[in-house]
Amino acid sequence: MKTTEKAQTPTEKDFGAYARKLFDDGVAAPVIAGLLRDGCFDRIAELVALAPLNGSQGFAACGENFYESKRLSECDRRIKIYVSECERAGIAEREYISVIIAAQGRKKGALALWRSGANKYITSRARDDFDFVCDCIDKYDKKYAGYSILFDVSPQRAAKRLVNKLLCEKHIDKASIRDVLMDYPHISNELIAMYDGADAKTRAEIAKLLKVYKNDKLVDSFLTDTVSKDGSKTVRGVLAPARKYSDNGVRLFEGMMISQSPIPVAMFYELSRSSDSVRDVADRIFFYRITDSHKEVLTFDDGKFFDLSDRETELGQGDDLYVLHPLVTPEYARDILNYGVEQPFLQLRRPVYKIKADERTFVDHLTGTMIDRDVFDKNAKRIGFVFASKRNDSHADGDAVLYTAGDHAVMVKCDLPTSARTAGCGRISFLRASDIIKIKRSVYVRDCKPVSLRELSPVTYSELAYAVHRLFGVE
């Protein structure tokens, strides 16, 4: 068996003795070079972890004398040993730094133990040669997380480099760059200054990035007063992207009922003709349209609309169609709530929650509720809760889950101890959906200010409360 293959074998019974012999015999360098070539980064960390740190050999490998080496942490000495062995094998820094960059973002595995030392190494090298480290991070870190270190070294240069990537480069993960930049809101001033002199494509990219800082009053004002009135449809479309309608009938119509958002009649007919699911669900639920401030409840059957007296009703192609919710059912149609219609989702018999005079009633009722963690996770996925993304170890949004209904969302801070298989309900607050920052699949709630229950519509409050009750199994 070749030496490198032996180092890669996870079932090696006496890997410790084997690794120490490599260093004692002075032949560890070619093995590390082979592991680096094959991308076995964690195996490199395991191998270097068994290098002798005491005695003249260990200190020599670090390139330090006895007293200098003693001042280094064990993590720092491991990295120095790794660098020393790579240089002995004739590997250029541009290649061996890939392992160090990988360690900086690793949270588990043998390489994660190098993390603090990797941060120090990258910081030190960035102070010596900033562009070199930037080039290496661009090459080896496709999520650009390593730039968080570069911002500590030179925030202006790091920001300028990332912004230029966003505005000029193609085929890169721009969402990850926006994810990194969101921690540096001062960049928004430079972006606003660049906006007027840029072409439409660049303005659209600037607008996308500014949305990351939309909770800043200056940025929000700029997006409202300038970007939303831009002559380019592409730029305006960044703030108000075209709505996409699902061809899954239950998902489409239940979502419309929860948010009380309408669908144009023309779009409804198009979907019902092209999707059996949409047509089947539409046949078994109730709709309404608004005419002269009057809600007209409607049913749909065989491609036609009917009122509650079974008279066919003509709807204009430009009319808006809503899905009826129990709380917005007009008085003349209240009897339909007692109908025993078998529906594809809870509509007529949907539980409703009304806003109490005391805003604390709903919160206090659920706070402290405990549930099995597996059940909690299944409920969250089934209902549509999402976890708030954590920025990093020093700034995290915590274990919070969010559920959106219409223009608002409910956020539940959860107690999710790693040592127990339970989930507890903590603080509950309500947010404006427009304040929540979304970058691809990541959802951030930083700088979102809670709103009063008085700001919520009856349907929105009912749906948010219903979601939280279902999440903790107390329907």
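This is a predicted model: local features need pLDDT of at least 70, side-chain atom pairs count only at pLDDT 80 or more; totals for chains, interfaces and linings use all residues.
Residues are numbered from 1 along each chain as its sequence is written, and side-chain values use heavy atoms, with hydrogens and water left out.

Helices and strands are DSSP runs numbered from the N terminus (helices H or I, at least four residues; strands E, at least two). Two packed helices are described by the angle between their axes and the distance between the axes. The axes are lines fitted to C-alpha atoms, for helices over the stretch in contact, and angles run from 0 to 180 degrees between N-to-C directions.

Helix α3 (residues 28-37) and helix α7 (residues 74-88) have axes that come within 8 Å and cross at roughly 95 degrees. That makes α3 roughly perpendicular to α7 (angles under 35 degrees count as roughly parallel, over 145 as roughly antiparallel, 65 to 115 as roughly perpendicular and the rest as oblique). Contact, defined as heavy atoms within 4.5 Å, is made by A28, A29, I32 and L36 in α3 with Y82, E85, C86 and R88 in α7. By class, the contact of α3 with α7 has six nonpolar, no polar and two charged residues; Ala, Val, Leu, Ile, Met, Phe, Trp, Tyr, Cys and Pro count as nonpolar, Asp, Glu, Lys and Arg as charged, and the others, Gly among them, as polar.

For helix α12 (residues 155-168) and helix α15 (residues 200-210), the axes come within 9 Å and cross at roughly 130 degrees. That makes α12 oblique to α15. The crossing of α12 past α15 is right-handed (left-handed if the near helix is turned anticlockwise from the far one by less than a right angle, right-handed if clockwise). Here V163, L166 and L167 in α12 meet T202, E205, I206 and L209 in α15. The contact of α12 with α15 has, by class, five nonpolar, one polar and one charged residues.

Two strands are taken to pair if DSSP finds at least two bridges between them. Six strands form an open sheet with antiparallel pairing, in the order β1-β6-β2-β3-β4-β5. Its edge strands are β1 (263-264) and β5 (312-313), each of which pairs on one side only. Strands β1 and β6 are joined in the antiparallel sense by two bridges, and I263 stands opposite L321 in β6. Two bridges also connect β2 and β6, again antiparallel, with F287 opposite V323 in β6. The antiparallel pairing of β2 and β3 extends over five bridges, and R289 stands opposite E296 in β3. In the hairpin of β2 and β3, two residues lie between the strands, and D292 takes a positive phi near 50 degrees.

Strand β3 (residues 294-301) runs antiparallel to strand β4 (residues 304-306), to which three bridges join it. In β4, K304 stands opposite D301, and F305 is the bridge partner of F300. The hairpin formed by β3 and β4 also has two residues between the strands, and D302 in the turn has a positive phi of about 55 degrees. Helix α18 (residues 249-259) lies across β1, β2 (287-291) and β6 (320-323), and runs at about 90 degrees to β6.

A search of the whole structure finds 21 aromatic pairs. One of these, between Y269 and F305, is edge-to-face, at 6.0 Å centre to centre with 70 degrees between the planes. Rings of Phe, Tyr and Trp (its six-membered ring) pair if their centres lie within 6.5 Å; planes under 30 degrees apart count as stacked, over 60 as edge-to-face and the rest as tilted. The pair links distant parts of the chain, with Y269 in helix α19 (residues 265-274) and F305 in strand β4, 36 residues apart.

Another open sheet, of five strands, has the order β7-β11-β10-β9-β8 with antiparallel pairing. At its edges stand β7 (370-372) and β8 (386-387), each with a single partner strand, so one side of each is left without a neighbour in the sheet. Strand β9 (residues 400-405) and strand β10 (residues 408-415) run antiparallel and are joined by six bridges, and the bridge partner of T404 in β10 is A409. Helix α23 (residues 458-471) lies across β7, β9, β10 and β11 (422-432), and runs at about 140 degrees to β9.
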